[in-house]
Amino acid sequence: MTWTMKEFVELTGLSEHTLRYYEKEGLFKVDRLGNNRVFSEENKLWIESITHLKETGMTIADIKVFCDLGHIGDSTIAERLSLLINHRQAVIAQMQKLQEGLDFLDYKIHLYEGNIDQCFQEKKEGNNDAGK
């Protein structure tokens, strides 16, 4: 199956600009029919991988390394695995920080909901202690 640029934009939810940028950066290769790009099932799989990596916070530079290694082939599996393991550890650390922040928010919400009248009274009196 193949798609035109317009169809691929609809399929992936990415803009033409983003797809052209990813192609220019060498993240994936697009076949051409004359001046028109023709996107393949392989392009779709690359875009899915790139999108997931980007959503986890991987930089474009690291995504490019991953893609370059992937384009080389199976001889780079160990390097790609190492890159993914290292990124996974960074994602877990970020998730832990986000969970700590969420726990803090839940605590403050619970605290304020229990003392909502007191919070409004303090605001009227001009005591807006952010640490409370």
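Contact here means heavy atoms within 4.5 Å of each other.

The structure is a predicted model, in which local features need pLDDT of at least 70, side-chain atom pairs count only at pLDDT 80 or more, and totals for chains, interfaces and linings use all residues. Residues are numbered from 1 along each chain as its sequence is written, and side-chain values use heavy atoms, with hydrogens and water left out.

First, the overall layout. The protein chain has six helices and three strands. These elements are DSSP runs numbered from the N terminus: helices are H or I with at least four residues, strands are E with at least two. Along the sequence the pattern reads β-α-α-β-β-α-α-α-α. Of the 132 residues in the protein chain, 24% are buried. Buried is under 20% relative accessible area, exposed is over 50%, and partly exposed lies in between, with a 1.4 Å probe and protein chains only. For contacts between residues at least 6 apart in sequence, 48% join residues at least 24 apart.

Now the sheet. The three strands make an open antiparallel sheet, ordered β1-β3-β2. At its edges are β1, residues 2–3, and β2, residues 31–33, each of which pairs on one side only. Pairing requires that DSSP finds at least two bridges between two strands. Between β1 and β3, the latter being residues 36–40, there are two bridges in the antiparallel sense. Within that pair, Trp3 stands opposite Phe39 of β3. Helix α3, residues 41–55, packs on the sheet and touches β1 and β3, and its direction makes about 75 degrees with that of β3. For that angle, axes are lines fitted to C-alpha atoms, for helices over the stretch in contact, and angles run from 0 to 180 degrees between N-to-C directions.

Thr2 also belongs to β1. Leaving out neighbours within four places in sequence, Thr2 contacts Glu7, Val38 and Phe39. Thr2 and Asn43 are 41 residues apart in sequence, and their C-alpha atoms are 9.3 Å apart.

Next, the core. Which residues have the most contacts inside the largest nonpolar core? They are Phe28, Ile47 and Ile50, in a core of 19 residues. A nonpolar core is a set of buried Ala, Val, Leu, Ile, Met, Phe, Trp, Tyr and Cys residues joined through side-chain atoms within 4.5 Å. The elements that give two or more residues to this core are α1 (5–12), α2 (16–24), α3 and α4 (60–72). The largest share, four residues, comes from α3. Not counting residues up to four places away in sequence, Ile50 touches Tyr22, Leu27, Phe28, Ile63 and Cys67.

On to charges. Side chains of opposite charge can pair when their charged atoms come close. A salt bridge is a side-chain nitrogen of Lys or Arg within 4 Å of a carboxyl oxygen of Asp or Glu, and by this rule there are six salt bridges.

In helix α2, Glu16 and Arg20 are four residues apart, about one turn of the helix. They form a salt bridge with closest N and O atoms 2.6 Å apart. Glu16 is partly exposed at 37% relative accessible area, and Arg20 is partly exposed at 34%.

Glu48 is partly exposed at 35% relative accessibility, and Lys44 is partly exposed at 23%.

In helix α4, Lys64 and Asp68 sit four residues apart, about one turn of the helix. Salt bridges that share partners also join Glu23, Arg32 and Arg37 into one network. The closest N and O atoms of the Lys64 and Asp68 salt bridge are 3.2 Å apart.

Last, helix α5, residues 77–114. Its 38 residues should span 56 Å at 1.5 Å a residue, and its end C-alpha atoms are 54 Å apart, which agrees. The expected span is 1.5 Å times one less than the number of residues. Which residues of α5 are buried? They are Arg80, Leu83, His87, Val91 and Lys108. What covers these buried residues includes α3 and α4.
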